[in-house]
Amino acid sequence: MTHNVPLFINGGCRQSESTEWLEVTNPADNKVIAKLPLSTESEMEHAVSQALIAQKQWKEVAVSERARLMLRYQQLLKEQHDAIAQLLSTETGKTIADAKGDVWRGIEVVEQAANIASNMMGETVENVATDIDGYSIVQPLGVCCGITPFNFPAMIPLWMFPIAIAAGNSFVLKPSEQVPLTAIRLAELFQQAGAPEGVLQVIHGGKEQVDYLLAHPEIKAVSFVGSVPTAQYIYQTGTAHHKRVQAFAGAKNHMVVMPDANREQVINHLVGSSVGAAGQRCMAISVAVFVGTSNQWIPELANAMSKVNPGAWDDDNAAYGPLISATAKQRVLTLIQQGQAEGAECLLDGSECHVSGLPDGNWVGPTLFRGVTRDMSIYKEEIFGPVLVCMEVETLEEALSLVNSNPYGNGTSIFTASGAAARKYQHEVMVGQVGINVPIPVPLPFFSFTGWRGSFYGDLHAYGKQAVKFYTETKTVTARWFDDDIPDGPNLTIHLR
Ligand code: NAD
């Protein structure tokens, strides 16, 4: 049975009064599982104005108390880990193992948010001039907002609101209209953990609702994760409205395979990192760059990939789930056709893919191309499907030049037994997250998620210390106290000189 997805305002779920609704579907069978309202202007205004009121009180709450909220939230998320993962699987089609990973990576950020006091420390210099001290204090911005994509319904909202709120802000979340159910569950649990009403609000919708947030004078910072055109639009529009913006965008991630690498590891990791989660990960490996004789392993790679099958979230044999929508599937199929038409050799074509009992799901089988060149659409575009393209070069220098001339800079990896090759690659590659014999190098939350170039618009990245800087402002104080003003009394004067 379908239900209406509620808004989450002032600490509780509220039914929207909107007259415009979208359908939320299960991508494994395209059946409608819920209806999603496009929030009305008055609902959004209410969400933001109440978030503003809540923030004024919340910022005065002791930092250790704000941290304790995160500890309680982390505990609840752990208790509910499997249930959240199951809900997440229903709306994304992800396998349960993948869905659990999605939730877990979010929980790790909540853990980091509990460390907020250490990350909000200012600096002090005594005697910047005689008897004058200088120090900085770190303060929250006010109301911040987050706009999130479909592919990590737990992890990406959790990249954002826990740190923003721990730092003393309030937060308005607009989750992907394709996967709103997990976001509402996260908000309910946040409330259950003891969050004050209005500190986290969730509204729903698409471009119109995002535009409202981007223009609202009380929203001080915008965190966005999604596709390149939307990221560019959000960065331009948000900054034009004088907001702080961080916009994480699409990717084309290369794995460089040196001939001295461990062949078995290369093949296993290439399969997992390219087709895992149906390739719908911004850190998926979508290009394998074979250096020298390592290209001899391509037939073995094709063989390994051909044994991997998609399936339903609760099927233990499924390596990955469906694509998020029929439109996404059609886009991937069109790119596969284009690859063939442009002259790449298709070693495995997953266009005709069927999963028993689920004939209407958005399935695409593992797809592998070789003989791919820089000018082909399957190299230039982010496919966001279970498709891996192979390119072949003679030297590490050539591999570096290829990766560095690609406009994206989210993630990359090198597989090699040579420390010198790894060091050179790490040093010279112009990509923000590098794996050495690690295929998908997503940094843990004490670092930050540091995509570069066309994969990121902004200055300060998600989670870690950079996120705390993003959600706060630094105030510098220069203070002078005159000895003459010290009241008489033995206990005060004794310590002063
Ligand atoms: P998307 O850009 O279609 O949507 C993302 C969000 O933006 C959604 O909430 C959506 O409602 C909103 N939106 C869509 N069009 C808009 C418009 N014209 N104006 C304003 N808002 C709009 O992205 P998606 O398909 O949900 O997510 C997949 C993309 O996200 C991929 O490109 C992937 O690489 C990227 N991604 C990047 C990272 C990263 O960290 N760099 C992480 C995850 C996903």
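**Stop 1: across the domain boundary**

Start by selecting D98 and R281, whose side chains meet in a salt bridge at 3.8 Å, N to O (the rule asks for a side-chain nitrogen of Lys or Arg within 4 Å of a carboxyl oxygen of Asp or Glu). Across the interface of domain 1 and domain 2, the rule finds 1 salt bridge.

Before going on, some housekeeping: this is a predicted model, where local features need pLDDT of at least 70 and side-chain atom pairs count only at pLDDT 80 or more, while totals for chains, interfaces and linings use all residues. Residues are numbered from 1 along each chain as its sequence is written, and side-chain values use heavy atoms, with hydrogens and water left out.

Now colour by domain. Domain 1 is 3–250 + 451–479 and domain 2 is 253–407 + 411–436, with bounds that come from an automatic or database domain assignment. Their centres, taken over C-alpha atoms, are 31 Å apart. Domain 1 puts 23 residues into the contact and domain 2 puts in 29, where contact means heavy atoms within 4.5 Å.

How much area do domain 1 and domain 2 bury between them? About 2200 Å², with 57% of it on carbon and sulfur atoms; buried area here is the accessible area (1.4 Å probe) that two parts lose on being put together, summed over both.

There are also 12 residue pairs in polar contact between domain 1 and domain 2, both residues at pLDDT 80 or more. A polar contact is a pair of N or O atoms within 3.5 Å; within protein, one must be able to donate a hydrogen and the other to accept it, and residues adjacent in sequence count only if both atoms are side-chain atoms.

Select helix 3 (81–92), helix 4 (96–113) and strand 21 (452–453): these are the elements giving two or more residues to the side of domain 1 that touches domain 2. Helices (H or I, at least four residues) and strands (E, at least two) are DSSP runs, numbered from the N terminus. Helix 3 gives the most to that side, with 4 residues.

**Stop 2**

Pick T95, in the loop between helix 3 and helix 4. Show its surroundings: T95 touches S89, W313, A318, A319, Y320 and G321, not counting residues up to four places away in sequence. Is T95 buried or exposed? T95 is buried, at 8% relative accessible area (buried is under 20%, exposed over 50%, partly exposed in between, with a 1.4 Å probe and protein chains only).

Next, select K94 and D102, which form a salt bridge at 2.9 Å, N to O. K94 is buried at 9%, and D102 is buried at 1%.

**Stop 3: salt bridges within helices**

The structure holds 16 salt bridges. In helix 2 (residues 63–79), E65 and R68 sit 3 residues apart, about one turn of the helix, and their side chains pair at 2.8 Å, N to O.

**Stop 4: two positive phi values**

Most residues other than glycine have a negative phi. Check N30, with phi near 60 degrees, in the loop between strand 4 (21–26) and strand 5 (31–37). Finish at Y463, with phi near 40 degrees; Y463 is buried at 2%.
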